[in-house]
Amino acid sequence: METDQLFKNNRKWVLEKLKQDPNYFSKLAKGQAPEYLYIGCSDSRVSAEAMMGAEPGELFVHRNIANVVPNTDLNVMSVINYAVVYLKVNNIIVCGHYNCGGINAAMKTSDLCILNPWLRNIRDVYRMHKPELEKIEDEENKFKYLVRLNVREQCVNVLKTKEVQDAIKERGLRVHAWVFDIHTGKLIDLELDFQSVIRNLKDLY
Ligand code: CO
């Protein structure tokens, strides 16, 4: 699609919104109070708002390759802090997806330069769960299993943060592990027991 077309689409979208509500954009400009922080993959096929039917203002979004939450990544840590402490979201979703290129790359041994340290986060998930993963003979099933494991482990990283632990205690914030099944378009809830994850974390914060 040409960039000219993107601007045409934008003007059409503005007109549609104003037709529904002449004050739509002046309301939007006033501020945000999203209920959800969504952490997902940058993959162009996985559009958070589209697949959930969410409107502008409803999701605070962070996306990166393979929806990773490294404990020392200032970007994702700042997003979590801002969303939880200032926007006071009550739900954090970590959403992976099947056929994730980042997960696929992490399962291979190739040297991918600057991507190596990023993929290391996923390769560590593989290393931690190696015995259960190696039991799966079918490569496609193993790939899907690692997608799910990665989402769970990234949720653990979310749950390690002080602001998330405080918000769970103080106002019942919830953390969700989801997978988008790119073959069917459906979201799958992995039903993360985040309370038991917290209990198993030896050191708070
Ligand atoms: Co992906």
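## Strand β3 and its neighbours

Strand β1 (residues 36–41) runs parallel to β3, and five bridges join the two; strands count as paired if DSSP finds at least two bridges between them. Strands (E, at least two residues) and helices (H or I, at least four) are DSSP runs numbered from the N terminus. Isoleucine 39 has valine 94 of β3 as its bridge partner. Strand β4 (residues 174–181) is also parallel to β3, with seven bridges between them. Here cysteine 95 stands opposite tryptophan 178 of β4.

This is a predicted model, in which local features need pLDDT of at least 70, side-chain atom pairs count only at pLDDT 80 or more, and totals for chains, interfaces and linings use all residues. Residues are numbered from 1 along each chain as its sequence is written, and side-chain values use heavy atoms, leaving out hydrogens and water.

## The two faces of β3

In a regular strand the side chains alternate between the two faces of the sheet. In β3, Asn91, Ile93, Cys95 and His97 point one way, and Ile92, Val94 and Gly96 the other way. Seven of the seven residues of β3 (residues 91–97) are buried, meaning under 20% relative accessible area with a 1.4 Å probe, protein chains only.

## The cobalt site

Cys41 (SG), His97 (NE2) and Cys100 (SG) coordinate the cobalt ion at 2.0 to 2.3 Å. Donors are N, O and S atoms within 2.8 Å of the metal (3.2 Å for Na, K and Ca); water is not among the atoms, so sites may look incomplete. Along the chain, the donors follow the spacing C-x55-H-x2-C. Histidine 97 and cysteine 100 are both buried.

Conventions
Buried means under 20% relative accessible area, exposed over 50%, partly exposed in between (1.4 Å probe, protein chains only).
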